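Please read them with the structure open.

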Amino acid sequence: MQTGTVKVHMANSIIPGSAAAATAFATGHKTTARFLSVGPRKEDLLTGTNPTVAPYAPVASILEAAQRAGKATGIVATSRVTHATPAAFASHVQDRGMDNDIMEQMVYNNVDVVFGGGARHLIPVGESYTTSFGSIWHGKRSDGENLMAVLKERGYQFVDSRTEMESITSGKVWGLFDDSHMQPDMDRQYFAEHEPSLAEMVDKAIKILSQDPDGFLLMVEGSQVDWAGHNNDAIYMVRDFIAFDDAVKVANDFAEDDGRTIVMAYPDHNTGGMKIGHYDTAMGYTETRVEDLVNPLNGMKTTANGVVAMMVDNSDEALRASVLENWGISLSDEDLLEIRTYARSRSLSYALAHIVSKNYTVIGWTTHGHTGETVPLWMGGKRAPEHVIDNTELAQIAAASIDVDLKKTTRRLYVDLSDRTKNYTIDYNDASGPVIKVAGAILPVNKDYMIKAGRTIRLPGITVLATCGDDNPANDKVYVSRRALKKLGLR
Ligand SMILES: [Zn+2]
């Protein structure tokens, strides 16, 4: 499938973070590290970068544009659904760590199908949810709002296991299979048998979304290939990438049958700088056999995280036993010393994966972080570019293919309220979060409705409060939809 390659730099660094990278392909705009679908700050732009949107201003995502065009929309990930990539498609915040705000925006942004992890951000602190398989998930929301109840009021089905997911055949559905992130693909069988695979989630999402006669847009993230790269864990990366590949096949099979659907697959960036070949292999590089690459990985049954989780205690004997049992490798005394030394500045699983890669495989790594080179684009159809493109162009290609206009959608959904009136106040003291008071109405932040004369009026987009990177409320900006302005008599 590979066609072009994609440049991945963000507004303030040639090596990107996931939030800014996702903002680029979700909205078509470069932004700053950690920012999600809002404009970049001015202070630290890369040389030669010209921002295409005001700092901290929300910009519509391709998912929001698809919704306005009447299409069904879905989000599937194996991380918390509030993690950077899925969040960029359905929320607008200045820091990817704002999981509770992101979750609130995702709930009120009316996505039809959401599958992944992160249920703790639906539930208030002090409350809990008992799953269909007997676990208890404790809430993390500080605003006291029970968003699981909101989803049910809004007609969503909620499922927490593969079995429950399989029973859903139509309608709006959220399936969250963990309170935080889901398991790595290869560890699911040991730690979370109730979880579906990425391919199973994609298959179900497509079956539901494709019932919409206006078509659909589905965003899927194989979230953990990146984490495997951070970990320098070769088997974790290979197995999670194969799980992603299986999901792409499900999408491709549908697209082939359907004939009107395009599939675009691309990484947000490289992580770990994984290579075949490294400094420490004993053999000359021109003597590398297939077996040298494959055999060490073939004996591995879990990720390095799994190896560490299955240690009976923190002793060297326990580490040695778990590595032998789960990876089929007998660590030497020298290996153990190297791992323990490396683990003084990194986690044990980072150290284990890194040192075993070095001593037992031909796979090299350049970093525990991200790298800045171009990444592959896999895409079929006549719109597929066969040259080097920028990651912002991915959003434009997607928009053109479903005949929507991202700029127009931003103008419809996110108008700076201060451009229309100075007569509004932001009430920060409401226990459920900030509310905007304007023209006799109340607009709760992160939500898609206003309350006027005791009536609740649904709006086409969420109200966004941008705090603009400082603690001065005088600099805060409010963004509302054009429909809201009309209902307020401010158009
Ligand atoms: Zn990363």
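How are the donor residues of the zinc ion spaced in sequence?

1. The spacing is D-x3-H-x139-H. The coordinates are those of a predicted model, and the points below should be read with that in mind.

2. The zinc ion has as its protein donors D226 (OD), D226 (OD), H230 (NE2) and H370 (NE2), at 2.0 to 2.4 Å.

3. Water is not among the atoms, so the site may look incomplete.

4. Helix α1 (residues 18-27) is largely enclosed by the rest of the structure, because ten of its ten residues are buried. Among them are S18, T23, F25 and T27. The cover over these buried residues includes α2 (62-68), α3 (84-90), β13 (370-371), α16 (391-401) and α17 (406-413). After α1 comes G28, with a positive phi near 85°.

5. Twelve aromatic pairs are found in a search of the whole structure. In one of them, F241 and W378, the ring centres lie 6.1 Å apart and the planes meet at 65°, so the pair is edge-to-face. The pair links distant parts of the chain, F241 being in helix α10 (residues 234-258) and W378 in strand β14 (residues 375-379), 137 residues apart. F241 is partly exposed, at a relative accessible area of 34%.

6. Y129, F133, W137 and F158 are linked into a cluster by ring pairs. In a separate arrangement, K172 places its charged end over the ring of Y156, 4.5 Å from the ring centre.

7. Leaving aside residues up to four places away in sequence, V438 touches T421, N423, Y424, L443, L488 and L490. The C-alpha atom of V438 is separated by 72 Å from that of G284, and the two residues are 154 apart along the chain.

Note on methods. Residues are numbered from 1 along each chain as its sequence is written. This is a predicted model: local features need pLDDT of at least 70, side-chain atom pairs count only at pLDDT 80 or more; totals for chains, interfaces and linings use all residues. Side-chain values use heavy atoms; hydrogens and water are left out. Buried means under 20% relative accessible area, exposed over 50%, partly exposed in between (1.4 Å probe, protein chains only). Helices (H or I, at least four residues) and strands (E, at least two) are DSSP runs, numbered from the N terminus. Contact means heavy atoms within 4.5 Å. Rings of Phe, Tyr and Trp (its six-membered ring) pair if their centres lie within 6.5 Å; planes under 30 degrees apart count as stacked, over 60 as edge-to-face and the rest as tilted. A charge sits over a ring if NZ of Lys or CZ of Arg is within 6 Å of the ring centre and within 35 degrees of the ring normal. Donors are N, O and S atoms within 2.8 Å of the metal (3.2 Å for Na, K and Ca); water is not among the atoms, so sites may look incomplete.
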